[in-house]
Amino acid sequence: GSKENGRNRVTFFEPDMDAALRMRRNLESDLRKALADGSLTMVYQPQMNGRGSIDAMEALVRWNHPERGSIAPSIFVPLCEESGLILDLGEFVFRRVFQETAGWGDIRVAINVSALQLRSPMFMATLTRLVAEFRVNPERYEIEITETALLGDDGITRDNITMLKQEGFSIALDDFGTGYSSLNSLKRFSVDKIKIDRSFVHNLEANDEAEGLVDAIVKLGRALKLDVVAEGVETEHQRERLAACGCNTFQGFLVSRPVPAEELDGLFSGHNP
Ligand code: C2E
Ligand code: MG
Ligand code: MG
Ligand code: MG
């Protein structure tokens with residue numbers, strides 16, 4: 001059809017598409033600024049272990065936009081991945097987390113990394129530079145990756161994971177059960193821990209099938225000698241069902257929401273240098 005017709009046809013949604021695109025561009029440039037001026041922050045969510053104490057935290061990034069207020073990482077992390085900002089975000093996160101947690105004694109800290117970070121040949125160089133700069137012990141840090149990171153299985157990802165392990169970092173597979181990782185890839189990438197996705201935990205409330213699935217994941221973890229942690233535990237009932245499946249390590253609002261480092265420093269102040 002002619003250009004004229006085309007224009008008529010799209011009249012109703014063209015302005016919206018423009019608006020969406022504009023908003024996206026704006027967010028992207030605001031994100032670039034936020035990365036440059038350090039206005040992103042980190043929060044930390046405790047993990048409860050089988051003895052009922054807290055010896056690990058997951059670091060989660062937060063963006064408080066000057067006009068729009070808080071924007072969820074599920075929105076801006078993918079935006080970083082699509083716009084080439086993910087390596088900058090990744091470096092920001094490592095830097096800030098090492099800085100804030102260096103004095104936390106034996107507490108272990110989990111850090112999320114994007115599949116695209118692991119696909120970068122510069123990943124380990126950046127990380128080892130930061131480890132040296134902040135004098136942190138990699139054995140206290142756990143790298144959380146999602147199953148999609150293992151899917152491509154390109155050489156660079158494999159090399160990066162091998163080097164991470166050699167440096168002393170451990171590897172946790174996030175959102176486990178929602179992706180497509182094979183038992184083979186759990187072994188090949190020497191994963192140390194699996195985190196049962198919170199959708200399974202949520203369903204424990206509603207159906208028996210969910211309990212069967214969780215039970216199977218826990219048994220799988222045990223067979224492969226992996227640690228198993230449940231995500232998104234909100235209720236006592238969920239915790240009981242998990243315990244019945246043999247999973248006593250968990251993270252979720254039942255224990256605590258993610259909180260800023262300042263609120264946690266007191267807990268570990270005995271260890272501070
Ligand atoms: P994730 O790594 O699976 O993180 C767990 C998410 O579940 C977090 O959402 C956390 O706030 C939320 N959560 C924890 N306990 C509960 C609960 O009891 N109930 C419910 N409904 N939710 C709970 P958040 O912070 O919004 O992060 C979402 C995702 O964004 C993360 O999922 C992770 O994939 C990504 N992300 C967060 N921080 C970073 C980061 O620093 N770097 C990268 N690359 N990705 C990040
Ligand atoms: Mg995670
Ligand atoms: Mg998760
Ligand atoms: Mg997730």
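**Helix H6 and a magnesium site**

Biologist: How far apart are the end C-alpha atoms of helix H6 (residues 123–134)?

Modeller: They are 17 Å apart, which agrees with the 16 Å that its 12 residues should span at 1.5 Å a residue (1.5 Å times one less than the number of residues). Helices (H or I, at least four residues) and strands (E, at least two) are DSSP runs numbered from the N terminus. This is a predicted model: local features need pLDDT of at least 70, side-chain atom pairs 80 or more, while totals for chains, interfaces and linings use all residues. Residues count from 1 along each chain as written, chains are lettered from A and ligands numbered from 1 in written order, and side-chain values use heavy atoms, without hydrogens or water.

Biologist: Which H6 residues are buried?

Modeller: Phe123, Met124, Thr126, Leu127, Leu130, Val131 and Phe134 (under 20% relative accessible area, 1.4 Å probe, protein chains only). Down the axis they fall within an arc of 160 degrees, so they line one face of H6 (using directions from the axis to the C-beta atoms).

Biologist: And what do they pack against?

Modeller: Helices H4 (86–101), H5 (115–118) and H8 (155–167), with contact being heavy atoms within 4.5 Å.

Biologist: Which ions does Asp174 bridge?

Modeller: The magnesium ions ligand 3 and ligand 2, 4.2 Å apart.

Technical notes: Donors are N, O and S atoms within 2.8 Å of the metal (3.2 Å for Na, K and Ca); water is not among the atoms, so sites may look incomplete. Buried means under 20% relative accessible area, exposed over 50%, partly exposed in between (1.4 Å probe, protein chains only).
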